[in-house]
Amino acid sequence: MKKTVTTLADGRELIYYDSADDTVRDAVDRRPLDPVSTSSEIRRDPLLGDSVAIASHRQARTYHPPADACPLCPTRDGRLSEIPDDHYDVAVFENRFPSLAGDSGRCEVVCFTSDHDASFADLTEEQAALVLAAWTDRTAALSALDQVTQVFCFENRGAEIGVTLGHPHGQIYGYPFVTPRTELMLRSAARHREETGGNLFDDVIAREEKDGTRTVLTTDHWIAHVPYAAHWPYEVHLHPRRRVPDLPALDEAARTEFPQVYLELLRRFDRIFGPGEPPTPYISAWHQAPFGVPGREDFALHLELFTIRRTSGKLKFLAGSESGMSVFINDVPPEAAAQRLREVASQ
């Protein structure tokens, strides 16, 4: 992998990740951009104890542009974009409309491929491995920033999720605090350690593998299962068999096997609802341990992949119970979801 760091016209950082070591990236951003001005602010909710990012400047962000005006495509045929070169393998840049900025953290965009019409599931294993390398490198880089406590790599896919740019891409958030979901997991892991002397994540994986009814696929270095109390209609948790706190800690064997496993999961998601159905909308989210907090050594890196589609043509809405009380009601039994995901395995 070759990494090339440059800057865009307004001073934001742009990083190319290339498979070929002899690739030259010297294209210059020729757009007349003003310096980025953000109003991101973190406010603490005194009742719930969590944090909310107030980012009014995001109201002006690019919204469903036509394909020939996509800002994530390469710069070609006189059309200038966020990527000055006329092709790329993987590109990462600071978000022009960040939810978090300055002392409030950092937001980056990850472009998985220069092919506007592709999806992550269309990538080759070599391309997926390069995305993993980019996620890993950015996690390590952001962890060194004083204002970043936790790094979150994720992909939103599909208009139903709220995606405003159709180009295959994801995002990386560097939060200045430990997120509520992670706080809950750390708390549960600490309680489990105190009560049993064991690791919560290890014990959950051991239970799922022994039971087998919710296991989706297993390999030498990864295991994927639908959780016992899944929140979403189709939800899969993917764990490396050797527990590590974050992406930089993955060993080479797990890195090598990841593209095959992950691409298989994504392709199964697109087959859940049968032939002729539109691509399945999903959120893919890496859970990594925050830095410098108690319990980090007990946390387990894992990826959560889920869809808000509950059946053909119907979505799972977060209505009164979910939005008002954070109590999820799932219409699809986890065992049935796992069975379906096993049925649609690639031939």
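Trainee: Why are helices α2 and α3 called roughly perpendicular to each other?

Mentor: In this predicted model, α2 (residues 180-196) and α3 (residues 200-211) pack at an angle of about 85 degrees, with their axes 8 Å apart. Angles of 65 to 115 degrees count as roughly perpendicular, and therefore α2 and α3 are described that way.

Trainee: Which residues make the contact between α2 and α3?

Mentor: From α2 come Met185, Ser188, Ala189, His192 and Thr196, and from α3 come Leu200, Phe201 and Asp203. Sorted by class, the contact has four nonpolar, three polar and one charged residues.

Trainee: What makes Phe97 count as buried?

Mentor: Its relative accessibility is 18%, and buried means under 20%. Phe97 therefore counts as buried. The residue sits in the loop between β5 (90-94) and β6 (106-111).

Trainee: How far apart are Phe97 and Glu108 in sequence and in space?

Mentor: They are 11 residues apart in sequence, and their C-alpha atoms are 9.6 Å apart.

Trainee: Is Gln171 buried or exposed, and how do you know?

Mentor: Gln171, in strand β8 (residues 169-175), has 16% relative accessibility. The cut-off for buried is under 20%, so Gln171 counts as buried.

Trainee: Which residues is Gln171 in contact with, leaving aside its neighbours within four places in sequence?

Mentor: Those are Asn95, Glu108, Phe152, Cys153, Phe154 and Asn156. Glu108 is also the residue whose C-alpha lies 9.6 Å from that of Phe97.

Trainee: What puts the buried residues of α6 on the same side of the helix?

Mentor: The buried residues of α6 (residues 334-343) are Pro334, Ala337, Ala338 and Leu341. They cover an arc of only 100 degrees around the axis, so they lie on the same side of α6. Their packing partners are β9 (215-218), β11 (234-240) and α4.

Trainee: Which residues is Phe120 in contact with, its neighbours within four places in sequence left aside?

Mentor: Phe120 is in contact with Phe112, Ala128, Val131, Trp135, Glu155, Tyr262, Leu263, Leu266 and Tyr282.

Conventions:
Residues are numbered from 1 along each chain as its sequence is written. This is a predicted model: local features need pLDDT of at least 70, side-chain atom pairs count only at pLDDT 80 or more; totals for chains, interfaces and linings use all residues. Side-chain values use heavy atoms; hydrogens and water are left out. Axes are lines fitted to C-alpha atoms, for helices over the stretch in contact, and angles run from 0 to 180 degrees between N-to-C directions. Helices (H or I, at least four residues) and strands (E, at least two) are DSSP runs, numbered from the N terminus. Angles under 35 degrees count as roughly parallel, over 145 as roughly antiparallel, 65 to 115 as roughly perpendicular and the rest as oblique. Contact means heavy atoms within 4.5 Å. Ala, Val, Leu, Ile, Met, Phe, Trp, Tyr, Cys and Pro count as nonpolar, Asp, Glu, Lys and Arg as charged, and the others, Gly among them, as polar. Buried means under 20% relative accessible area, exposed over 50%, partly exposed in between (1.4 Å probe, protein chains only). The arc is that of the directions from the helix axis to the C-beta atoms.
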